[in-house]
Structures are given as structure tokens and as C-alpha cells.
Amino acid sequence: MTAAPVAVVTGGGSGVGLACATALAARGMRGVLVGRREDRLRAAASELTAPATVLAADLTQAGEAERIVSETLDAHGRIDVIVHSAGTFDKASVAEADDDHWRRVTDINLGAVMALTRAGWEALSDSGGQIVLISSVAAVQAFEGNAAYAASKGGLNALGEVLRLEGRDRGIRVITLCPAQIDTELWDGKAPDPVRARMMPAAGMGELVADLVETDRRIDIGPVVIRPVRDPWAESEP
Ligand SMILES: NC(=O)c1ccc[n+]([C@@H]2O[C@H](COP(=O)([O-])OP(=O)(O)OC[C@H]3O[C@@H](n4cnc5c(N)ncnc54)[C@H](OP(=O)(O)O)[C@@H]3O)[C@@H](O)[C@H]2O)c1
């Protein structure tokens, strides 16, 4: 019997990452959930409908990407999908965006993605695997106060295009998604409830990712912008 495919999901303890892990588990994939808060990861893993392990790690720390890959291969023997959902959304005007802010945002949203991709490249090549980048509409649409986030997600889109080309000859498919507002805890304290109610549901994003991962591998999926049907903020204008 062939072993079930394995998905490493960063940010798997909450929001979009958890929704992706849930949808992929429902399709029979084993999960490896990565994030800093082990309690959240364990709670998430216990709800999945396929076997899952957890790896508590700060993805911005040197050596953690390599540890995640080697512990995943030790535990599961393969990596078929990496969903890069770990990220932070923190706004600051240009005047306020000091070096700490810039590094904090870009380290996790961009640097950590490259580190884990590089660490997992051979394993994905061996399995003919897939990479899903959870980028943002901010990669292609400017918002004020968003310099570091926009730069990190714009850089992620550019990285995704290079990975797509370099991955082709290795049988690795790269899917870059650029969603607008999704109702997750990332919006805690940043958007009122009525606005959040008009955002996209995280579960829908998870289903979308699982659907895309299952599509015919002869289909190449370029960066895809995904928005709520209406701007959740527009309805709340006075
Ligand atoms: N929600 C939206 O409207 C929206 C729109 C477009 C794009 N996105 C993108 O979607 C992704 C997921 O966000 P979300 O909405 O699901 O928010 P979320 O629930 O806050 O998820 C962020 C996840 O990243 C993990 N994380 C953050 N820093 C980390 C680090 N240094 N090392 C390891 N894990 C880390 C967090 O876990 P720990 O805190 O436990 O580490 C958390 O599980 C992000 O990349 C975000 O930019 C979100």
C-alpha cells in the first residue's frame, strides 16, 4: 500500500494554515503543522481527520527550516506539499517603519519562505511535490501604511515566479495565491465585527488550496488574486 502524501503547513495552528491543513487532511494527506505556539498546533492536529504531527519552531531562526525538513522526513519519509501560510500583518507608516518593524515583517513573510523552500527542495523534487505560497493582494495593490507588508508579499510573488521556473524541470509545481481579506485572528483589534463578517471565510481558502493541489499537474497556475465579492470595508463607510 502506498503511504499517504505529506503536507507541511506553516502557520498550521490558526487561520488560513489551519484551514489548509483541515482541507488537505480531509483529502487523506498526513500533516505536519508548524508554528511557534505548540499548544495551538496540538489542538489543531487533534481535530484533523488524518494523522498529523506538530513541529514548534520560529521559522525566522537560523537552522529551523533544515530541522523541520529532517524531522518530517524522519517521521513521515516524504514531503509532497509545503503550504507557506506563516506570516504577520503589521502596518506602519513609512516614518514609523523602523528597522525592527521592517525585519520582523520581511523575515517571516519572505525570508522564512525561502529558507524552508530551499531546505525542502530536494524532498519536493523526489516526490514531484508542490509549493503553495499564501501571498496577498497587497503584492499587487498598494495600501497606505503597508510598506513592509507590501514589499514582503510583492517579493514573495517574485520569488514564486522564480521557483515556478526552477521547479518545472524538477517536477515541482508552485502555486501563488494573493488573497484579500480573510476573517482570521490576524484582524483581531484591526477590524470591527461587521467588517469581518463580510470577509472571506478561512475554510473557503483551505478548500480552494486543497482543490488546486489536486488539479491535473499539466495545469500551471500563475499568481491568482482572490477577493471577497464586495470590499468588506466599503459597506461600513458613513
Ligand atoms: N487574513 C487575511 O486577510 C489575509 C489576507 C491575505 C494574506 N494573508 C496571509 O495569510 C497568511 C496566514 O495568515 P492568517 O490570516 O491565517 O493569520 P494568523 O491566524 O495570524 O496566522 C499566522 C500564522 O503564522 C504563524 N507564525 C507567525 N510568525 C511565525 C514565526 N516566526 N514562526 C512560525 N510561525 C509563525 C502563527 O503561529 P504562531 O504565532 O504560533 O507562530 C500563525 O499560525 C499570512 O501569510 C498572511 O499574510 C492573510
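Trainee: Which residues does Val113 touch, not counting residues up to four places away in sequence?

Mentor: Two residues are in contact if their C-beta atoms, placed from the backbone, lie within 7 Å. By that rule Val113 touches His84, Leu133, Leu156 and Leu159. Residues are numbered from 1 along each chain as its sequence is written. This is a predicted model: local features need pLDDT of at least 70, side-chain atom pairs count only at pLDDT 80 or more, and totals for chains, interfaces and linings use all residues.

Trainee: Where does Val113 lie?

Mentor: Helices (H or I, at least four residues) and strands (E, at least two) are DSSP runs, numbered from the N terminus. Val113 belongs to helix α4.

Trainee: Why does Val113 count as buried?

Mentor: Count C-beta atoms, placed from the backbone: 20 or more others within 10 Å means buried, 12 or fewer means exposed, and in between is partly exposed. Val113 has 28 other C-beta atoms within 10 Å, so it is buried. For a sense of distance, take Gly171: it is 58 residues from Val113 in sequence, and the two C-alpha atoms are 19 Å apart.

Trainee: How do α4 and α5 cross, and at what angle?

Mentor: Axes are lines fitted to C-alpha atoms, for helices over the stretch in contact, and angles run from 0 to 180 degrees between N-to-C directions. Helix α5 covers residues 147-168, and its axis comes within 8 Å of the α4 axis, crossing at roughly 15°. Angles under 35 degrees count as roughly parallel, over 145 as roughly antiparallel, 65 to 115 as roughly perpendicular, and the rest as oblique. So α4 and α5 are roughly parallel to each other.

Trainee: Which hand does the crossing of α4 and α5 have?

Mentor: A crossing is left-handed if the near helix is turned anticlockwise from the far one by less than a right angle, and right-handed if clockwise. For α4 and α5 the crossing is right-handed. On the α4 side the contact includes Trp102, Val105, Leu110 and Val113, while α5 brings residues including Tyr149, Leu156, Leu159 and Leu163.

Trainee: How many residues of each class are in the contact of α4 with α5?

Mentor: Ala, Val, Leu, Ile, Met, Phe, Trp, Tyr, Cys and Pro count as nonpolar, Asp, Glu, Lys and Arg as charged, and the others, Gly among them, as polar. This contact has 11 nonpolar, 6 polar and 1 charged residues.

Trainee: At what angle do α3 and α4 pack?

Mentor: About 30°, with the axes of α3 (residues 64-76) and α4 (residues 99-127) 8 Å apart. These two helices are therefore roughly parallel as well. α3 passes α4 in a right-handed crossing. Ala65, Glu66, Ile68, Val69 and Leu73 of α3 meet Ala115, Leu116, Ala119, Gly120 and Ala123 of α4. By class, that contact divides into 8 nonpolar, 1 polar and 1 charged.

Trainee: Where is Ile79 placed?

Mentor: In the loop between α3 and β4 (81-84). Ile79 has 25 other C-beta atoms within 10 Å, so it is buried. Beyond its neighbours within four places in sequence, its contacts include Val6, Val8, Gly120 and Ala123. Ala123 lies 44 residues from Ile79 along the chain, with 5.9 Å between their C-alpha atoms.

Trainee: Which residues touch the most other members of the largest nonpolar core?

Mentor: A nonpolar core is a set of buried Ala, Val, Leu, Ile, Met, Phe, Trp, Tyr and Cys residues joined through C-beta atoms within 7 Å. Here the largest one has 64 residues, and Cys20, Ala21, Leu33, Val34, Leu116 and Val132 touch the most other members. The element giving the most to this core is α4, with 10 residues. Cys20 contacts Val9, Val83, Ser85, Gly206 and Val209, leaving aside neighbours within four places in sequence.

Trainee: At what angle do α1 and α7 pack?

Mentor: α1 (residues 15-26) and α7 (residues 202-213) pack at about 50°, with axes 7 Å apart. That angle makes α1 oblique to α7. Their crossing is right-handed. Cys20 of α1 is one of the contact residues, as are Gly206 and Val209 of α7.

Trainee: Is Gly17 buried or exposed?

Mentor: Buried, because 29 C-beta neighbours lie inside 10 Å of Gly17. Gly17 is in helix α1. Its contacts beyond four places in sequence include Val9, Gly11, Val83 and Ala86.

Trainee: Is Asp39 buried or exposed?

Mentor: Asp39 is exposed, with 10 other C-beta atoms within 10 Å. It sits in helix α2 (residues 38-47). Gly13 is 26 residues from Asp39 along the chain, and their C-alpha atoms are separated by 8.5 Å.
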